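User: I would like to learn how to read a few features of a model. Please take them one at a time.

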Amino acid sequence: MNQSRLTTTAITALRIVLGFLFAAHGWQKFNEWTIAGTQASFAKMGVPAADVMAPAVAVLEFAGGIALVLGILTRVVAALLAIDMLGALFLVHAPAGVFAANGGYELVLLLAAAAFALALTGAGRVSVDRALFGRRNSKLAVLA
């Protein structure tokens with residue numbers, strides 16, 4: 001297997017797993033906790049504008065997760081998700097230390113780093129982005 005195939009496989013695996021996890025977290029905010037519950041939780045944690053941020057984060061994580069799985073607008077979505085996770089890290093999880101069992105930042109830091117990596121690399125060869133924007137002469141090739 002050559003490096004190109006390995007890289008394609010790695011980026012695709014990262015994109016699909018990360019997208020699934022973000023979509024699951026977004027789904028949880030809609031269905032398990034409800035938007036009202038998420039708003040209350042965000043307010044209790046000190047998230048600014050919790051009434052606006054809770055539904056915005058729920059939509060970003062759910063729709064953004066699905067977009068990552070499919071490889072649609074991956075660089076943009078991944079950058080937004082990285083910012084989302086950095087917000088969670090600094091606003092909520094940092095004071096609790098590293099470990100997630102104590103409410104710490106290990107998971108959100110890992111999700112932020114993975115999203116940042118996809119924002120830099122793009123979706124890879126096996127993606128809707130590549131099919132739509134992958135031509136060399138395309139003005140939107142940076143999205144592929």
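User: Where does D84 lie in this predicted model?

Analyst: D84 sits in helix α4, which covers residues 74-93.

User: Is D84 buried or exposed, and how far away is the nearest side chain of opposite charge?

Analyst: D84 is buried and has no salt bridge. The nearest side chain of opposite charge is K29, 6.5 Å away. A salt bridge needs the nitrogen and the carboxyl oxygen within 4 Å.

User: Which residues does D84 touch, leaving out those up to four places away in sequence?

Analyst: D84 contacts F22, V57, L60 and E61. Of these, V57 and E61 are on the list of buried residues in α3.

User: What follows α3?

Analyst: G71 follows α3, with a positive phi near 80 degrees.

User: How many aromatic pairs does the structure hold, and how do I read them?

Analyst: The structure holds two aromatic pairs. A ring pair is described by the distance of the centres and the angle of the planes. W27 and F62 form a tilted pair, 5.7 Å centre to centre with 40 degrees between the planes. W27 is in helix α1 (residues 3-32) and F62 in helix α3, so this pair ties together parts 35 residues apart in sequence.

User: What is the geometry of the F30 and F62 pair?

Analyst: F30 and F62 are edge-to-face: 6.4 Å between centres, 80 degrees between planes. F30 belongs to α1 and F62 to α3, so the parts tied together are 32 residues apart in sequence. Ring pairs link W27, F30 and F62 into a cluster. F62 counts as partly exposed at 26% relative accessibility, and F30 is partly exposed at 33%.

User: Which residues does UniProt list as "transmembrane region"?

Analyst: Treat a record as a label to set beside the model. The unreviewed UniProt entry lists residues 52-73, 80-101 and 107-128. In the model, residues 80-101 are 64% helix and 0% strand, with end C-alpha atoms 26 Å apart. Residues 107-128 are 73% helix and 0% strand, with the ends 28 Å apart.

How values were computed:
Residues are numbered from 1 along each chain as its sequence is written. This is a predicted model: local features need pLDDT of at least 70, side-chain atom pairs count only at pLDDT 80 or more; totals for chains, interfaces and linings use all residues. Side-chain values use heavy atoms; hydrogens and water are left out. UniProt positions are given in the numbering used here, feature names are shortened, and annotations may be inferred rather than shown by experiment. Helices (H or I, at least four residues) and strands (E, at least two) are DSSP runs, numbered from the N terminus. Buried means under 20% relative accessible area, exposed over 50%, partly exposed in between (1.4 Å probe, protein chains only). Lys and Arg count as positive and Asp and Glu as negative; His and the chain ends are not counted. Contact means heavy atoms within 4.5 Å. Rings of Phe, Tyr and Trp (its six-membered ring) pair if their centres lie within 6.5 Å; planes under 30 degrees apart count as stacked, over 60 as edge-to-face and the rest as tilted.
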